[in-house]
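Please open the structure in your viewer and keep the selection tool at hand.

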Amino acid sequence: MPGRETAPAASRCLDPAAERTVFLLAHTGRPAAIRSAELVVEGLLKSGLGVRLLESEAVDLPLPFSVETVVEATPDVLDGCELLIVLGGDGTLLRGADIARASGVPMLGVNLGRVGFLAEAERDDLDKVVDRVVSRSYEVEERMTLDVLVHDNGVVVHRDWALNEAAVQKVSPERMLEVVLEIDGRPVTGFGCDGIVCATPTGSTAYAFSAGGPVVWPEVEALLMVPISAHALFAKPLVTSPTSVLAVEVQPHTPNGVLWCDGRRTVELPSGARVEVRRGEVPVRLARLHHASFTDRLVAKFALPVSGWRGAPH
């Protein structure tokens, strides 16, 4: 926005009277997101909280000068913030998780997309979201992440992480990717496939679900390995201990593959590459407004038919 002052990433809110600051991340490329962001900012400012946004998103919003802006979405943009509110679909929420994980600041998602399993509220709940943030009426839970290493000829050439999944996929549409799967240092099976998804319980309702994997409740500590279109008799989804180390070895005679982490970050895998996936050392912290069970969330998000249910006898 012309004339807006841009503050350093690590600075406090421009309003010295505001002792609490909330960072707002929104997909402002859509009109619905712009209006939602306006409502959230207005509600927070009226309650005396400071608000910080990315400069690239603030230009789309009619904001007062008391709102702080920062240039880049680096982890230190959350310095001094007590919460990261994310408005958008799954892609925007995963973008928020990138900076929330490194800072340790809890992330509160408001779904403006379709399914939005990472979101805690829907667009119609914006007033409630603001009220709960102002009164600090929310709880924080930790979600397991993945640490990912890529080896080439025994040398680590790439390090990454994921909240949902790390997926090893083929690049060439006309040729399968030949892989061997390993768990805890022992080979399990090998086959040609379109790819392999290694997922957390949080990611079990994302790419792993689309590939035919099981739905795993978030409080279950486990790692998943789900083949994608495998050409094999034994190519079932596997659920392992959270302390297990999963590995996918791309065979030397196969074409190059590609590693996708949360569908956002990618790196090419040369033939013979080895991808190791283990429980991440740093979790993502999610702010929760409701005590609804994951079962109810699952039914609501997928519109599952439950008519006729009578419940347990009393």
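**First stop: helix H6**

Select Ala 303, which follows H6 and has a positive phi, near 50°. Helices here are DSSP runs of H or I with at least four residues, strands are runs of E with at least two, and both are numbered from the N terminus. The model is a predicted one, in which local features need pLDDT of at least 70 and side-chain atom pairs count only at pLDDT 80 or more, while totals for chains, interfaces and linings use all residues. Residues are numbered from 1 along each chain as its sequence is written, and side-chain values use heavy atoms, with hydrogens and water left out.

Next, select Phe 294, Arg 297, Leu 298 and Lys 301, the buried residues of H6. Buried means under 20% relative accessible area, exposed means over 50%, and partly exposed lies in between (1.4 Å probe, protein chains only). These residues of H6 cover an arc of only 100° around the axis, which puts them on the same side of the helix; the arc is that of the directions from the helix axis to the C-beta atoms. Now show S5, S6 and strand S20 (284-288), which are included in what covers the buried residues of H6.

**Second stop: the aromatic rings**

How many aromatic pairs does a search of the whole structure find? There are four. Rings of Phe, Tyr and Trp (its six-membered ring) pair if their centres lie within 6.5 Å; planes under 30 degrees apart count as stacked, over 60 as edge-to-face and the rest as tilted.

Select Phe 117 and Phe 294, a tilted pair with 6.0 Å from centre to centre and 40° between the planes. Phe 117 lies in the loop between S5 and strand S6 (121-122) and Phe 294 in helix H6 (residues 294-302), so that the pair links parts of the chain 177 residues apart. Both Phe 117 and Phe 294 are buried.

Trp 217 sits in the loop between helix H5 (207-210) and strand S14 (223-228), 77 residues from Phe 294. Is Trp 217 buried or partly exposed? At 28% relative accessibility, Trp 217 counts as partly exposed, whereas Phe 294, at 12%, counts as buried. To complete the view, select Phe 209 and Phe 302 as well: together with Phe 117, Trp 217 and Phe 294 they form one aromatic cluster.

**Third stop: the nonpolar cores**

A nonpolar core is a set of buried Ala, Val, Leu, Ile, Met, Phe, Trp, Tyr and Cys residues joined through side-chain atoms within 4.5 Å. The largest has 30 residues, and those with the most contacts inside it include Leu 24, Leu 53 and Val 133. Among the elements that give two or more residues to this core are strand S1 (21-26), helix H1 (31-46) and helix H4 (126-134). H1 supplies the largest share, six residues. Apart from this core lies another, of 28 residues, among them Val 150, Leu 181, Leu 223 and Val 277.

**Last stop: the whole protein**

Finally, display the entire chain. The protein has six helices and 20 strands. Its C-alpha trace spans about 60 × 60 × 35 Å along the principal axes. Buried residues make up 49% of the 314 residues.

Conventions: Contact = heavy atoms within 4.5 Å.
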